[in-house]
Amino acid sequence: MARPMLAAIFIKNGIDQVRHAGDLAPSAEPLVHRVAGPLRLPDDPVLLVRLNGAAMAGAGVLFALGRAPRLAATVLAATAAPSAYVNHPFWSEKDPAVRREVLDDFLTDLGLLGGALLASVDTAGKPGALWRGKRAGRDAKRLAHLAAREAVHAAELGKKDVQLAAAKIG
């Protein structure tokens, strides 16, 4: 139940970004100009707002359906961060009342970002690849130790058998 509930706002916001990219592009323009070059992205605010929205909506749907939830949550976090920064710049507001309202919206988006980050590391009770690898290493070490002990024990038994056989012959 929690995944679809968390995903709903991301899906809605993503669709809004795709549909209204032209309206949102002016506020995204400063960020786009700063990151486009270093990230090797096109310096086109409308296109990047649409791409961000499409990624957000698509990842939201996947997350809601439980398909690749950790990857989808990571994409949601990656798309939510620039959206929160661009859509709620409380630091540039002069009017205290407006600043409080924009700050509230920013913190709401920050909370959603936190939820997406938590979901990106949640294994839903299933161990992740790192845990499985460490566990396999521990199991292999334990089995090697047991095999070595068993080999020593078998060698001791073999030695006793040889001694008994030699005693019977001699």
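In this predicted model, the lining of the second largest pocket comprises five nonpolar, five polar and three charged residues. The volume of this second largest pocket is about 180 Å³. Its lining is formed by 13 residues, and those closest to the centre are Asn-13, Gln-17, Ser-83, Asn-87 and Asp-109. Helices H1, H4 and H5 each contribute at least two residues to this lining. The greatest contribution to the second largest pocket comes from H1, which supplies five residues.

A total of 18 residues line the largest pocket, and Leu-31, Leu-48, Val-49, Asn-52 and Pro-82 are the closest to its centre. Two or more lining residues come from each of helix H2 (21–36), helix H3 (45–65) and helix H4 (69–87). Of the elements, H4 gives the most to the lining of the largest pocket, namely six residues. The lining of the largest pocket divides by class into 13 nonpolar and five polar residues, with no charged residue. In the second largest pocket, by contrast, three charged residues belong to the lining.

The axes of H1 and H3 come within 7 Å of each other and cross at roughly 155°. Angles over 145 degrees count as roughly antiparallel, and H1 is therefore roughly antiparallel to H3. The crossing of H1 past H3 is left-handed. On the side of H1, the contact is made by Arg-3, Pro-4, Leu-6, Ala-7, Phe-10, Ile-11, Asn-13, Gly-14, Ile-15, Gln-17 and Val-18. On the side of H3, the contributing residues are Val-49, Arg-50, Asn-52, Gly-53, Ala-54, Met-56, Ala-57, Gly-60, Val-61, Phe-63 and Ala-64. The contact of H1 with H3 contains 14 nonpolar, six polar and two charged residues.

Helix H1 (residues 2–19) also packs against helix H5 (residues 96–121), at an angle of about 125° and with the axes 11 Å apart. The two helices H1 and H5 are therefore oblique to each other. Their crossing is left-handed. H1 takes part in this contact through Leu-6, Ile-9 and Phe-10, and H5 through Leu-112, Gly-115 and Ala-116. Five nonpolar residues and one polar residue make up the contact of H1 with H5, and no charged residue is included.

Leu-6 and Phe-10 of H1 take part in the contact with H3 and in the contact with H5. Asn-13 and Gln-17 belong to the contact of H1 with H3 and are among the residues closest to the centre of the second largest pocket. Val-49 and Asn-52 of H3 contribute to the contact with H1 and are among the residues closest to the centre of the largest pocket.

Definitions and conventions
Residues are numbered from 1 along each chain as its sequence is written. This is a predicted model: local features need pLDDT of at least 70, side-chain atom pairs count only at pLDDT 80 or more; totals for chains, interfaces and linings use all residues. Side-chain values use heavy atoms; hydrogens and water are left out. Axes are lines fitted to C-alpha atoms, for helices over the stretch in contact, and angles run from 0 to 180 degrees between N-to-C directions. Helices (H or I, at least four residues) and strands (E, at least two) are DSSP runs, numbered from the N terminus. Angles under 35 degrees count as roughly parallel, over 145 as roughly antiparallel, 65 to 115 as roughly perpendicular and the rest as oblique. A crossing is left-handed if the near helix is turned anticlockwise from the far one by less than a right angle, and right-handed if clockwise. Contact means heavy atoms within 4.5 Å. Ala, Val, Leu, Ile, Met, Phe, Trp, Tyr, Cys and Pro count as nonpolar, Asp, Glu, Lys and Arg as charged, and the others, Gly among them, as polar. On a 1 Å grid over the protein atoms alone, a cavity is a set of points where a 1.4 Å probe fits but cannot get out, and a pocket is an open set with protein on both sides within 12 Å along at least five of seven lines; lining residues have an atom within 4 Å of a point. Grid points are joined across faces, edges and corners, and a volume is the space filled by probe spheres set on the points.
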